Every structure is written in C-alpha cells, then in structure tokens.
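Subject: Structure handover

Hello,

Here is the structure I promised to pass on. Please open it alongside this note, which then says what was found.

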Amino acid sequence: MYSNFIFHVPTKVLFGPGQLNHLHEEDLPGKKALIATSAGKSVRRFGYLDRLAKELELAGVEYELFDEIRQNPTRENVMDGAGKAREFKCDFVVALGGGSVMDCGKCIALMMTNKGDLWDYSSTKHGGKQTPENPAAPIVCITTSAGTGSEVDNTAVISNDAVQEKSDIPWDSMFPTLSIVDSDLMMSVPPKFTAYQGMDAFFHAAESVVNRFEHPMGEMFALKAIELIATNLPTAYRDGNNREARANMALANSLAGYYMLCTSQHTMEHVMGGFHKDLVHGAGLIMISHSYFDFFAKRQAAEAPMIKMAKAMGVENPTSGKDFIKALDELIASVGCADLKMSDAGITKEELKLYPAKVHQVLGGDNDADPLPLSDEDYLEIYEEAYR
C-alpha cells in the first residue's frame, strides 16, 4: 500500500437533510447563475427547481435555466449550455441533479471561460489533449442522487457520440466551490435507480480498495463507504421513504467520491456506454462486476483488500477473495439487480470483440491500477463471462 498521497478537496459541503434551505445564507460565487439540470421532469415535479429558484432570489442572484442535459451527457449538451451561459452573461453554474447533471455542469463551467470545443480538452484517442488556458467558472452542485460523488470531485464523464467515446474530463478548476448534499432531495429516486446509483458508489469504493495505488487515506474513506452501502442500500431500495437509509447512502456516496481511485472496471463500462448511449452507468457496472472482481479473486491477486471489503460488508471471519465475491452477489441480488443482462441493453456478443481496443482509448487509456495487468484477451474474457 502506498503511503505517499495528496489530499485536496477545496469544496465546501453542506451535508444533511434540509440543507438546501440554507443556500441563500452562503456567499455565492457570482451574481447571475446558469441553472443546469436535466431534460427530465423530477426536479420540477418534486419542487426542487422552485426551491432552488427561491434560494437564489433570497440571495439576490439572477439566473437562467438550461434544462437539456441527458442521462449520459454529451459534448453537445456542454457546448449548448456554455453558449447559453455566455449569451446571458452568467458568471457561475448551479448544477441541480444527479451525477450526469453535475458532470455536465462542471464542463459547461469550463467551456464558459475557454475557447474551442470540449473535446479539445479530452485525452482520448480523438481528443485534442489540450490544457485549458483559463480556470472554469465557479460551480455550485446540488445533488439529487447518491451515486457518483461528483459533488466533491474535479472530474466529469462526457460522451462524444460521433466517435463513440465517453471521456474523463478532469481539471482542478472544476472542483465545485460549494456543494449541497441534502438527502431529502433523494427521497423521490425510484427503487431501480436507487440501486443503480448506490452500486455505482459501491464500485467507486471497491475499485479504490483493490487499486494497486491505494493508500491509507483512500482506504479509510472507501471502507466506510462500503460498510454504509452494504448496510443501507437494501433498505433504501425497499423503502425509499426511510430517511436514515437515504442519509447514510448520501454520506457513503460523498465518502466514496472524496478519494476515488477507479480501476479498469469503470473504463470497461464506459466503453459499453460509448456504444450504447442509453445504458445507465450503474447498471453497466453491475453487469460486469462479478466477472471483473472474480477474475482477480480466482487468481488470488487481491486477497487482503477483498477480505477487508468482505469484513466491511458484515461477513464474519472472511478468509479469501471469494468471500467478497459472495457478499457482492448477495448485495446485488438484494437490490433486484441479479438478472441484469447485457443483451437486454442491446449489446451483442459479437460486438464484445470491439471493446478491448476501445478500453485503451477512453479515460486517457491509463489502466495500470488493476491488481494484475490485464491484456486485451483478459478484457475480452471478462466481458464474455459477464455476457448474458
């Protein structure tokens, strides 16, 4: 385990039920906000957008609304939002929604202050690999889901459908200035998406623990997140009105995001999402998770970290990585996801052969964090074993 690390999270977080009501009391980073949110109806139906507007009005902040962000946000979403922000002379972004909205909001803030196209700053095969000249405009994140940890990190994941890439865009200026983690805003998430989002947070933590660059700070956050998710996600899935479970899931999500060290599991899923734009990220991760982690368990390549994770999940006296695999399968089943199939998402077994090459082209192609180095043949084996 590495003992050298840098911990830098400059985001102020207001955590807990009801915290949205205190937004107007904060020193907001501008005078005119672009509210970035999804094209869906939930933020309106449950009153979150109206509550945000009231808070901004109380703070004396004007705003414009950009509500075109899709489930897997695209570079077009980003450029359209940045164009609107410049047109109406907005000086900061307020992202209201789940991970997709927050990711898109961060990149909108980046492109409000920089020239060219978002993909100029992507490190993928078709990206321009440029460094932005200017810092992003300030960002305020208000998360309505417990899954991505985007409210406390500097990274966004954006799709470019034209080249079938789903890219990691990470710049320090994209750390939110302020984030609100109010679990009351998560009570309305339906069971299926509660499961998908919660398992995304779980894999952020699990990948961090098995990551060969893991260190004590990262492990501390990750193991606590795993414990909270294993204990509370099944309850939140069964009873979305359980405020304690929702609050604990919100905490787990942010903890997993504070020091997120992902391995190639996330990269592999982003390849899937690059080919199938409607694939929900958390669902894709669940589809490949057993095969991915079992690849290392069968080779005893991550025994100590997997035993730690099994203990955090409540397994008594675990002795091998297989104990973690069993606990993982049970957790997935407890949130109604044991029957997820790639084929149901439109993925064909034949196209899996195209995926390994793409693994090297998304998220910068850096996949050296796995417990064992994986070859293209290994990636294909994991995909094929996961395929149903």
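Two strands pair if DSSP finds at least two bridges between them. Helices (H or I, at least four residues) and strands (E, at least two) are DSSP runs, numbered from the N terminus. On those terms, E1 and strand E8 (residues 178-181) pair in the parallel sense over 4 bridges.

Before the rest, the ground rules. This is a predicted model, in which local features need pLDDT of at least 70, side-chain atom pairs count only at pLDDT 80 or more, and totals for chains, interfaces and linings use all residues. Residues are numbered from 1 along each chain as its sequence is written, and side-chain values use heavy atoms, with hydrogens and water left out.

The sheet

The open sheet has 6 strands, in the order E1-E8-E5-E4-E2-E3, and the pairing is parallel. Strand E1 (12-15) and strand E3 (62-69) stand at the edges. Each has a single partner strand, so one side of each lacks a neighbour in the sheet. Neighbouring strands are turned by 15 degrees against each other on average, direction ignored.

Two helices lie across these strands. Axes here are lines fitted to C-alpha atoms, for helices over the stretch in contact, and angles run from 0 to 180 degrees between N-to-C directions. Contact means heavy atoms within 4.5 Å. H3 lies across strand E2 (32-38) and E3, at about 160 degrees to E3. Helix H4 (residues 99-112) lies across E2, E3, strand E4 (92-97) and E5, and runs at about 170 degrees to E4.

Buried means under 20% relative accessible area, exposed over 50%, and partly exposed in between (1.4 Å probe, protein chains only). A polar contact is a pair of N or O atoms within 3.5 Å; within protein, one must be able to donate a hydrogen and the other to accept it, and residues adjacent in sequence count only if both atoms are side-chain atoms.

Asn 77 is in helix H3 (residues 75-87). Asn 77 is buried, at 9% relative accessible area. A polar atom of its side chain lies 3.2 Å from the backbone oxygen of Glu 68. Leaving aside neighbours within four places in sequence, Asn 77 is in contact with residues including Phe 66, Cys 104 and Ile 108.

Asn 154 is in the loop between strand E5 (139-143) and strand E6 (155-160). Asn 154 is also buried, at 15%. Its side chain makes a polar contact with the side chain of Thr 155 (3.1 Å). Beyond four places in sequence, the contacts of Asn 154 include Lys 106, Trp 171 and Phe 175.

The aromatics

Rings of Phe, Tyr and Trp (its six-membered ring) pair if their centres lie within 6.5 Å; planes under 30 degrees apart count as stacked, over 60 as edge-to-face and the rest as tilted. The whole structure holds 15 aromatic pairs. Phe 193 and Tyr 196 have ring centres 5.7 Å apart and planes at 80 degrees, so the pair is edge-to-face. They are 3 residues apart in helix H5 (residues 191-210), about one helical turn. Phe 193 is partly exposed at 26%, whereas Tyr 196 is buried at 10%.

Phe 202 and Phe 203 have centres 5.6 Å apart and planes at 85 degrees, so this pair is edge-to-face. Phe 202 is buried at 0%, and Phe 203 is buried at 0%. One aromatic cluster includes Phe 202, Phe 203, Tyr 292 and Phe 295.

Best wishes
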